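Please work through the ligand site and the backbone of this model with me, one question at a time.

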Amino acid sequence: MNTKVSVLGAGNVGATTAHLIVQSGLADVVLFDISDGVPQGKALDLAEARPLWNVASSIVGTNDFGDTRGSDIIVVTAGLPRKPGMSRDDLLHANAGVIRQVVSETAKLSPDALFIVVTNPMDVMTQISREVSGFKSSRVIGMGGILDASRFRTFISFELGISPEDIETIVLGGHGDFMVPLPEYTTVKGIPLKEFIAPERINELIHRARNGGAEIVALLKTGSAYYAPAASVFQMVKSVILDEKRLLPCAALLDGEYGIKGTYVGVPVILGRNGVEKIIELNLTDDEAAQFSKSAHAVREMVAIALSK
Ligand code: APR
């Protein structure tokens, strides 16, 4: 039987994620949305692209949770996008309600699934998804660090005129505003970044990466980023389906790692068929450890606010 991936939310991020999965031929896809006609229309459009992509995976658009039954992976993108001037936190209450609904409905129908949560504020929504689903924490994972790292890699690549492929980095902490960059662990084909760029300039690139989402919101004016977010989700989906065991920065539930217990926060993990198979602990400088702990604290505060309503 083919792997089945359900994508909840057929907006920009959801539909682009469905596009990448269908085009890869790695899984059958169900695209679910509350809006009537949108998931059906986008799914039909994607189905009609399959002969040109030479893939046979199925793609179904639906407003019926029943169609997600038996999913192996559920990608959660349903919610409201961030508008200009709106912080991620403003979205907290609206999106917490949406997440509670879509995760509780789909978890019942796919008890063996793995959730990948994208809806912002992502770290908080991942924690809520885990509580609502009751799933093992290794099977409820947030997408944020891959995107933050990809943005940082992009800006380094722009700066140096070197292929982004050859730039490696890892980031920790909450997605976006609370990202904890690790310049010491950033290299250009294994060569430390500081050999290429002065520390003040590295800080400017970090600042741009941290605000990468807001920069795109300001340009688009209506809506937020979706190509790079969907590409980040696809990297996670692929690592799970093919059991690649990639080392990727994802939001995972910490159980004492980095001195934190019971909070979802971005850390390097090994991602394979069983979801988070290992959390990698790195030695941090005092400053990085302080930033990380601040980031975890912010997630905890937002979860408390979300759960208080
Ligand atoms: N059930 C199902 N779908 C829903 C629900 C719900 N209760 N509420 C909203 N949606 C759908 C909307 O109808 C819309 O099609 O979620 C979709 C969201 O799509 P967009 O508005 O295009 O947002 P998008 O850019 O895809 O971002 C989705 O990902 O990166 C994050 O910050 C972003 O939280 C946002 C999410």
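A pocket is found on a 1 Å grid over the protein atoms alone, as an open set of points where a 1.4 Å probe fits, with protein on both sides within 12 Å along at least five of seven lines, and its lining residues have an atom within 4 Å of a point. This is a predicted model, in which local features need pLDDT of at least 70 and side-chain atom pairs count only at pLDDT 80 or more, while totals for chains, interfaces and linings use all residues. Residues are numbered from 1 along each chain as its sequence is written, and side-chain values use heavy atoms, with hydrogens and water left out.

Q: How much space lies in the largest pocket?
A: A volume here is the space filled by probe spheres set on the grid points, which are joined across faces, edges and corners. For the largest pocket, that space is about 710 Å³.

Q: Which residues that line the largest pocket are the closest to its centre?
A: The lining has 36 residues, and by class these are 18 nonpolar, 14 polar and 4 charged (Ala, Val, Leu, Ile, Met, Phe, Trp, Tyr, Cys and Pro count as nonpolar, Asp, Glu, Lys and Arg as charged, and the others, Gly among them, as polar). The closest to the centre are Thr-77, Ala-78, Gly-79, Leu-80 and Pro-81.

Q: Where does the ligand sit?
A: A molecule is placed in a pocket if more than half of its atoms lie within 2 Å of the pocket's grid points. By that criterion, the ligand sits in the largest pocket.

Q: What is the distance from a polar side-chain atom of Asp-33 to an oxygen atom of the ligand?
A: A polar contact is a pair of N or O atoms within 3.5 Å. The side chain of Gln-101 has an N or O atom 3.2 Å from a nitrogen atom of the ligand, and that of Asn-120 has one 2.9 Å from an oxygen atom of the ligand. For Asp-33, the distance is 2.6 Å.

Q: What is omega for the cis peptide bond that joins Asn-120 and Pro-121?
A: Pro-121 is found in the loop between strand S5 (114-117) and helix H4 (122-133). The cis bond joining Asn-120 to Pro-121 has an omega of about -5 degrees.

Methods: Polar contact = N/O pair within 3.5 Å; in protein donor to acceptor, adjacent residues only side chain to side chain. Helix = DSSP H or I, 4+ residues; strand = E, 2+ residues; numbered from the N terminus.
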